Every structure is written in C-alpha cells, then in structure tokens.
Amino acid sequence: QQAEQIRRERQSKRRAATGGASVGEEPGAVVGNVIGEGHVNYVLMYNMLTGIRIAVSRYQAKIKRPLTQEDFTARHKYSFDIIGNELTPSAKYDFKFKDYAPWVFRELREDYFRLDPADYLLSLTAKYILSELGSPGKSGSFFYFSRDYRFIIKTIRRAEHVFLRAVLPRYYAHVRENPHTLLSRFYGLHRVKLPRGRKIHFVIMNNLFPAHKDIHETYDLKGSTVGRLYSEERAARNPRAVLKDLNWIRRGKSLELGPEKRALLAEQIRRDAQFLDELGVMDYSLLIGIHNLQRGNRDNVRRNTLKVFSPDVPAFSRQPTSSRSPEASAVRRAMRASDLHLQRLGGILPEEDTGDRQHFLFYQDEGGLRATDERNAPMDTIYYLGVIDILTPYTVAKKAEHFWKGLRADRHKISPVPPEEYATRFIAFMKAIMRGGGGGARF
C-alpha cells in the first residue's frame, strides 16, 4: 500500500511537471535526443529489456520461499520469436535469454537492498537512458541506465560472468552480514544470445550517482600512482571526466568527514577490501562523485550528457494463477503500468531524492554521504561513493601484467599487485585521503 501511494505521488508530480499531459501522450524528451530503431544497439537493448521483463516478473510473482543450495547455480532459458509460446509472448526479434540464480537475486533485492519489487520492474521495463560514456575502467563494457537513473545494465565479459556465479554464495553471505557494504549491488545476472550471434552477458546493478543531483567531480581511486593521471586539459573540457589518483592528490582533495562518519567509512572499507582479498580479487576501485551544494544543479550536467532510448516492447501477458500473494498482485499491477502503450515518455529527471537508499549509512544524506566538520556538523558537499569493478581475480594474465609493469616502475605502486597487497594498499590509501590523513600525498 505504501509503494502504491509513493507511485501515485510520483505520477502526480510528473503530470504537474509536464503541464498535466494525459497518459498515452508523448511529449518530446527533455533529456537529450530520442534514439529509435536506427541506433546501433537497438536490437540488443530490445532483447535485453524483453528478457528482463518476462524472466524477472515470472519469479517475482511467485510466493517467496527459503533459499536452497541449488538456487545459487540455477539457470533458466527462454526462447523468444515472432510467434510466441506458452512461456513467452511474441517478440519483434528471435533471440534466447538466460536468467541466472533468480531466487537468490530476488532475495538480495528485497531483503537486503530494500528494493520494492513492483517499483524495480516498473523502472526496468519502460524507457532507458543511454549514456554517451563508457566504463570508467578499461573493461570495454558499456552501460545503460534505467528510465529513472536508479539502475544500471552493464555488459560483462564471460570470465566475469563465470566468476560472479562462482562467488555468488560468498557475496550473498557478505551482503547479509554487512548491510551497509560499499560493494557494487548486483540485482540480476542475465545473458542474451542472438541467432548466429555472440552471447552477451550482463548484470543489473545500482547506480551510485543520484538522478536528482549533478555530479561536479568524479574520481576513480585504486590506491596506485603509476599511470593514474587524467589530463587536466581534457578534464577542463569534459565535466563528466573520471579523474584518477594523481588528480586527487595534486588537487589537494580530501574526504571532509567528521570523526563519526570517518570511523564508520574506514571500517566498512576495511571489511569490504578484506572480503575481496579472500575472493582473490584485485584491481577494484573506490568511485567518488562530488556534489557541491553551493553550485546545485544550475550547470545541468546530467541533462547535457544523457540521451533517451525508448524501445517498443511487447505487452506482457501470463496465464491466470491461483496465487493470491501480495507480491504477485503488486507485480501484475507493475507490469500493467509499465506497458509502453500506457507509459508516458516524459524524460524528466527528478529534482528530489526518491528516498529509497535512506536505510543505508553511506547513502542516507540525499542518497549519499554529506561532508561534516570535526564537530560532525554538516558542510556544503555530498559524496556519492562505492567500490566498483569487483569481478577481476588475480589470474595468470594479471600476474604477467604485474611482472612486466614492475620492470618499468615500482612494483608496489602499480595497479596489478597480488590481492593481499592490493587490499592492504587500498585500505591505507582510503584512510589517507580522509581529513587528517595527509590527502594521499605519502603515496
């Protein structure tokens, strides 16, 4: 009932923002340009969206049950074509879709990440915002944002896909024991295969950055200083440039946090890094987005760098069920509401926090962590931060990279180092960049 009330309030605000446009009306997008069927990734996005829509909703509508060991290795295949069958509706293109560990990800979403199931489906089954930017790292992945900018669809390599499935039980246990973890929040793991085409693996995860605040500076920090500099000249021309460790140090930056928040953040970073060390993972980083409350949103950084993507998706239909659970009813309402014949295409980003992350320590201040002085009084900066790129184990290839880069630079300061050393260096660097820690200069 609360979720329904929140959705009604949001719809009322959106109608007021668009001048009372009626449902079914399609005002011009105000976030960049609408990308139609001519876009290079239209078919891929159509297939991703259709697969998510059907696969996730089917499991979401079932009555919850305790997890079993088999749930962590489960995988379910769906075949889509222009005719349709008893499991899937007709689709515009032929493709196959796989849904991995659906019960596990459902429990993560609902019980530990506090996502409303109907709201999650509604967000992911309508319009998409296509980012013009690639990954902050060198993985070659690309991102799509959900229509409300809260969720990310990120393509991953097959090796990352296999690794995530292998460590999923341990990841689940870590999240359960550390509800305020800074690690990337995985909401779903899927795969799309086109006829005679390659298999594309992707995850659905949280967007660290808010929909209602411009991010004025972005940093990707690994605790390494070799090759960790983004050209300041290029940064001056690109307001969404992802800066690196040496930029942070040379600009004299520090995380301005009072004793209370500083201690909590340092402890959570330590727990998360030690967990990644136990998994044999390295090369992760702390992504930091900085919003200056004095500047606010007057620069329109979000609106100037995003484009709207609106694929035409088939209506969802399912066989009648005897289930009378609240979850099933909520999902059915969400699927009806997310039908694109009913969904208005107003590409308006919100100006207020949705409040869906206020349960978590490091995301409770307007969706982030507000700076505080030494007396814990609030300051004019909000930090949006999290540990990203956590699916890179220390493989033979990384060991070779460590060897060759170590021939040309200090092997303790390069990015690829063994997991234990990486975690120790990462923890020390992140403590150093907090107020009173020297700003990372000693590195």
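## Asn 206 and its polar contact

A polar contact is a pair of N or O atoms within 3.5 Å; within protein, one must be able to donate a hydrogen and the other to accept it. In this predicted model, a polar atom of the Asn 206 side chain lies 2.9 Å from the backbone nitrogen of Arg 185.

Asn 206 is part of strand S8, residues 199-206. Its relative accessibility is 9%, and because buried means under 20%, Asn 206 counts as buried. Apart from neighbours within four places in sequence, the residues in contact with Asn 206 are Arg 150, Ile 152, Ser 184, Arg 185 and Tyr 187.

## Helix H8

Helix H8 covers residues 259-279, 21 residues in total. At 1.5 Å a residue the helix should span 30 Å, and the 31 Å between its end C-alpha atoms therefore agrees with that expectation. After H8 comes Gly 280, which has a positive phi near 80 degrees.

## The largest nonpolar core

In soluble globular proteins, nonpolar side chains tend to be buried together. Here the largest nonpolar core has 104 residues, and Leu 265, Tyr 284 and Ile 288 have the most contacts inside it. Helix H2 (residues 42-60) supplies the largest share of this core, 10 residues.

Key:
Residues are numbered from 1 along each chain as its sequence is written. This is a predicted model: local features need pLDDT of at least 70, side-chain atom pairs count only at pLDDT 80 or more; totals for chains, interfaces and linings use all residues. Side-chain values use heavy atoms; hydrogens and water are left out. Helices (H or I, at least four residues) and strands (E, at least two) are DSSP runs, numbered from the N terminus. The expected span of a helix is 1.5 Å times one less than its number of residues. Buried means under 20% relative accessible area, exposed over 50%, partly exposed in between (1.4 Å probe, protein chains only). Contact means heavy atoms within 4.5 Å. A nonpolar core is a set of buried Ala, Val, Leu, Ile, Met, Phe, Trp, Tyr and Cys residues joined through side-chain atoms within 4.5 Å.
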